[in-house]
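This report looks at how two chains of a model meet. Please keep the sequence and the structure in view while reading.

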12 protein chains.
Amino acid sequence: MPDHVYKHIELTGSSTENLEQAIRNAIQRASKTVKNMRWFEVIDTRGHIENDQVAHWQVTLKVGFTLES
Amino acid sequence: MPDHVYKHIELTGSSTENLEQAIRNAIQRASKTVKNMRWFEVIDTRGHIENDQVAHWQVTLKVGFTLES
Amino acid sequence: MPDHVYKHIELTGSSTENLEQAIRNAIQRASKTVKNMRWFEVIDTRGHIENDQVAHWQVTLKVGFTLES
Amino acid sequence: MPDHVYKHIELTGSSTENLEQAIRNAIQRASKTVKNMRWFEVIDTRGHIENDQVAHWQVTLKVGFTLES
Amino acid sequence: MPDHVYKHIELTGSSTENLEQAIRNAIQRASKTVKNMRWFEVIDTRGHIENDQVAHWQVTLKVGFTLES
Amino acid sequence: MPDHVYKHIELTGSSTENLEQAIRNAIQRASKTVKNMRWFEVIDTRGHIENDQVAHWQVTLKVGFTLES
Amino acid sequence: MPDHVYKHIELTGSSTENLEQAIRNAIQRASKTVKNMRWFEVIDTRGHIENDQVAHWQVTLKVGFTLES
Amino acid sequence: MPDHVYKHIELTGSSTENLEQAIRNAIQRASKTVKNMRWFEVIDTRGHIENDQVAHWQVTLKVGFTLES
Amino acid sequence: MPDHVYKHIELTGSSTENLEQAIRNAIQRASKTVKNMRWFEVIDTRGHIENDQVAHWQVTLKVGFTLES
Amino acid sequence: MPDHVYKHIELTGSSTENLEQAIRNAIQRASKTVKNMRWFEVIDTRGHIENDQVAHWQVTLKVGFTLES
Amino acid sequence: MPDHVYKHIELTGSSTENLEQAIRNAIQRASKTVKNMRWFEVIDTRGHIENDQVAHWQVTLKVGFTLES
Amino acid sequence: MPDHVYKHIELTGSSTENLEQAIRNAIQRASKTVKNMRWFEVIDTRGHIENDQVAHWQVTLKVGFTLES
């Protein structure tokens, strides 16, 4: 690991199901253009309310990936 | 949205099941007296432990609702 | 409660399933040596990514327990 | 001032013009139901973007008012 | 406790005597309209100075109370 | 909105006029390469002083935009 | 002091009297098992309310002690 | 710049007009006794309310100036 | 108040008695050279421990005073 | 400087030598694809431990670069 | 890693030489009683001044180690 | 120590060499006008980049000194 350099990006994913799925959706979408993702950290957890129900969950992540040397 | 004013309140809900249900319980109870809730943000996540088990989950939310003009 | 003194420790648990199970794993392991745990607070939520999937969830907790007087 | 007790509320106002007007709109709307407002503190400044332009400014305030004794 | 929902309010109390009395004054005044207060957390501690003396102490509290179900 | 994923970038814009124009300058420049910007949040507000005058205003923003799915 | 290493622990003490006594109670209890305590820092100040009165004060401390070399 | 040492001071300026003028007033007043001011950072934005109107704007700044070597 | 500019300084006072006296000691000492002090805010509360007792209390304050125009 | 817009990225570099070299490694690697880097700010300092020794130092940076207009 | 539970401790090390050595001293001393240390994070960096020189450097660390299952 | 009052100032020093030297430069320059400096705390660590190299290191310190009574 000492010879790696990581770059971090910040993403928000959402899901109508639960918090874990909102995280998975963000990572799945990012994987189309970002390679070598290694970890994430939850920055913020939110949601939208419609008719007094949680309509969807929203999680903001910082994601780290290795820059190939 | 430009012509809306929002007010925020802070609530703690709890559940013996999981984090999402603690959030839903807080919103459901608040809906008895608060109308037009639009979003929430998780402020704090806690729980109580009994006999080395999580007895219930506790989530503190900031909830925003529109003030009708 | 007024006559109790609490000590806090900080733990990180992980799980391949979900956030709640990562918390339960940390508490279960700590219970081997720590008695009288009463509450926890989530400090940080992270995860590891392998092949564009969440490989495991990691939750850091502050746990409070009573010091017997 | 020593014999006053203040209560604080949190509001978000918005404006298509500028930041000061978003603050004034929040206070004007709140004054319909809240008396004796004395000060505010800016908590958060945001905005919405449409067609690469700032469509409206959004300011979140903490507002303090005296509770009459 | 699992079946309670709490609401939080923020108050500032003041006293010419000491910090504890400023807290008690805020709670006493709030009790005229708020029922079932259970805990408080100190958010901020300030004071006013007149003639190089502390003229009064000011403590801002977050107070939690149960919403009856 | 549930089926969107957002990415966030951080920018600093400046203006010799006022704070709002510094924000507009950052967004205008970013729009050359970033599509679908939806919101911004002010992270930091600074300025440079020359000859005891504010020479220019500097605002750091977090900007969110949708990743097309 | 350059040749000392300190370890920190976090404690919560409580008192029905005042904030200073809650701090003293935490230190007195910890002294049964921790030697060479040198300083503390207040992390959090809370209290419990019963019948609209402060029933007890609760102070959370970080305490530093020297590890003997 | 490598051979400069900066000192920082904290100021609050106010204005009945807008946020930018409150900043300019703080810098103008400080310039009577402080030389070589180079930058400022906004720490806090507040205001006083009278008769449901913003009576004046208050901005707290950290200001940096070079110490001549 | 709109035409005042405030400067802030940071001080630490200490006392063998209690927290309020540590604050008063800091203000009393500062009054020898600083005029027109108007308010303070508590930044940090600490103490030194000797022989398992609180030897003295230490409070760090931000103090605001008016710059005469 | 008033007519510049900056973009910020976040990087983690590591080194078996010391903190300064971890920072230089991150900047050197980023320079392969990022032009016009002007400043950095340290966000986080960490390290890995193997056999009770620091195996490598890890520094997370925010780096600002000018967007050419 | 999914089946590990980590515990964190907080330490302050010091050195008359530099920041890296203060960190190494804390870890070396802790290794006498703590096994399986894996990482550290710098929490705070301080120092003592004598005769206008840095007499020693002081670094506070959070250290994580695995609890064997 | 109980009978001392400390005042804190904030300084930024810089160096082309390393972080420790930037701190020493700030303290050395301040010693021309400030007596009885006792400790410092690192508030912020930054640097300037020229031609993809760290041109100089910049450290912002809070420095405490005793006010003679």
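## Strands across the interface

In this predicted model, J:Phe40 stands opposite L:Gly47 in S2(L). Three bridges join S2(J) to strand S2 of chain L (residues 37–50), and the two strands run antiparallel; strands are DSSP runs (E, at least two residues) and helices are DSSP runs too (H or I, at least four), numbered from the N terminus, and two strands pair if DSSP finds at least two bridges between them.

Residues are numbered from 1 along each chain as its sequence is written, and chains are lettered from A and ligands numbered from 1 in the order in which they are written. Because the model is predicted, local features need pLDDT of at least 70 and side-chain atom pairs count only at pLDDT 80 or more, while totals for chains, interfaces and linings use all residues, and side-chain values use heavy atoms, with hydrogens and water left out.

## Extent of the contact

Twelve residues of chain J are in contact with 13 residues of chain L, where contact means heavy atoms within 4.5 Å. The two chains bury about 1,200 Å² between them, 59% of it on carbon and sulfur atoms; buried area is the accessible area (1.4 Å probe) lost on putting two parts together, summed over both. In chain J, the most area is lost by J:Glu20, J:Phe40 and J:Glu41, together 41% of what that side buries.

## A salt bridge

The rule finds one salt bridge across this interface, a salt bridge being a side-chain nitrogen of Lys or Arg within 4 Å of a carboxyl oxygen of Asp or Glu. J:Glu41 forms a salt bridge with L:Arg46, and their closest N and O atoms are 3.3 Å apart.
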